[in-house]
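Please open the model in a viewer and keep the selection tool at hand.

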Amino acid sequence: MSVTDEQPVLLKVDGPITRIVFNRPKVLNALNVAAAEAFLAACKGVAADKGNRVVIIAGEGRAFMAGGDISAFAGPAEEVRKRVPTIMEPLHEGLEILAGLPQPVIASLHGPVAGAGMSIALSTDLAIAADTAIFTLAYSKLGTSPDGSSSWSLPRLVGLRKAMEIALLSDVYDAPEALRLGLINRVVPAADLASETDKLARRLADGPTFALGKAKALLRGSLDNSLHDQMEAEAVAFGACIGTADFAEGVGAFLAKRQPTFKGK
């Protein structure tokens with residue numbers, strides 16, 4: 001795939017692993033209209049790729065993303081109200097696509113992870129961060145409420161009381177504290193972020209993709225279900241997994257006392 005530095009979002013395919021990379025390093029990958037539209041296009045591209053088994057979201061340069069492009073919010077209120085949806089709507093549509101994918105989505109985080117950047121990071125299935133990363137939701141410092149699905153993700157990750165603190169105060173958290181709070185899954189040395197992200201992605205890519213997708217859907221839907229409805233959903237998902245080649249391989253490998261070789265089918 002041919003890419004240029006002018007593209008605000010890069011889509012890089014490496015076998016079963018696809019990387020969505022924010023590419024406005026001079027402005028710490030601040031999200032503007034072009035970047036939001038490119039992000040949506042990348043998400044649609046991932047969804048259409050039947051060979052994809054893992055998605056990584058990352059940022060070029062010194063940051064994952066420092067938030068939205070604040071220049072878009074300057075000016076008379078009526079003009080800003082017209083501009084904001086041109087950024088927010090494609091961002092939200094892209095995030096909804098990623099949440100609905102059967103593939104696991106990993107955020108690979110470094111530098112500032114702020115505003116919309118933190119919202120995007122919170123929306124993913126797994127998050128790995130450099131030990132130098134810093135996190136802040138930041139919206140309240142601009143006099144606005146959150147977007148990018150963070151008001152949905154945050155209380156599910158840390159609980160309502162802590163989510164209120166993070167959103168209302170917009171404090172800054174370092175990577176170890178973000179890990180302690182449950183905002184991310186792992187912290188690694190900054191020099192090892194790319195290799196550790198790749199290692200995690202390869203592990204998932206070698207897994208039973210269909211079953212992982214069912215697990216992802218069950219967990220994401222669980223807080224909206226009664227216990228009875230959730231167990232019904234589990235039974236349906238388990239039944240669907242039984243018909244896959246990966247299920248037969250997993251059972252056969254267990255009985256033969258060998259490591260399974262999953263094909264994602």
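Is Asp14 buried, partly exposed or exposed? Select Asp14: at 34% relative accessibility it counts as partly exposed, where buried means under 20% relative accessible area, exposed over 50% and partly exposed in between (1.4 Å probe, protein chains only). This is a predicted model, in which local features need pLDDT of at least 70 and side-chain atom pairs count only at pLDDT 80 or more, while totals for chains, interfaces and linings use all residues. Residues are numbered from 1 along each chain as its sequence is written, and side-chain values use heavy atoms, with hydrogens and water left out.

Asp14 forms a salt bridge with Arg202, the closest N and O atoms being 2.6 Å apart; a salt bridge is a side-chain nitrogen of Lys or Arg within 4 Å of a carboxyl oxygen of Asp or Glu. The pair links distant parts of the chain, 188 residues apart: Asp14 lies in strand S1 (residues 9-14) and Arg202 in helix H7 (residues 193-205). Helices (H or I, at least four residues) and strands (E, at least two) are DSSP runs, numbered from the N terminus.

Move to helix H2 (residues 77-100), where Glu79 and Arg83 lie 4 residues apart, about one turn of the helix. Their side chains meet in a salt bridge at 3.8 Å, N to O.

Finally, select Arg258 and Glu249, whose salt bridge spans 2.7 Å, N to O. Arg258 is partly exposed, with a relative accessible area of 40%, whereas Glu249 counts as buried at 18%.
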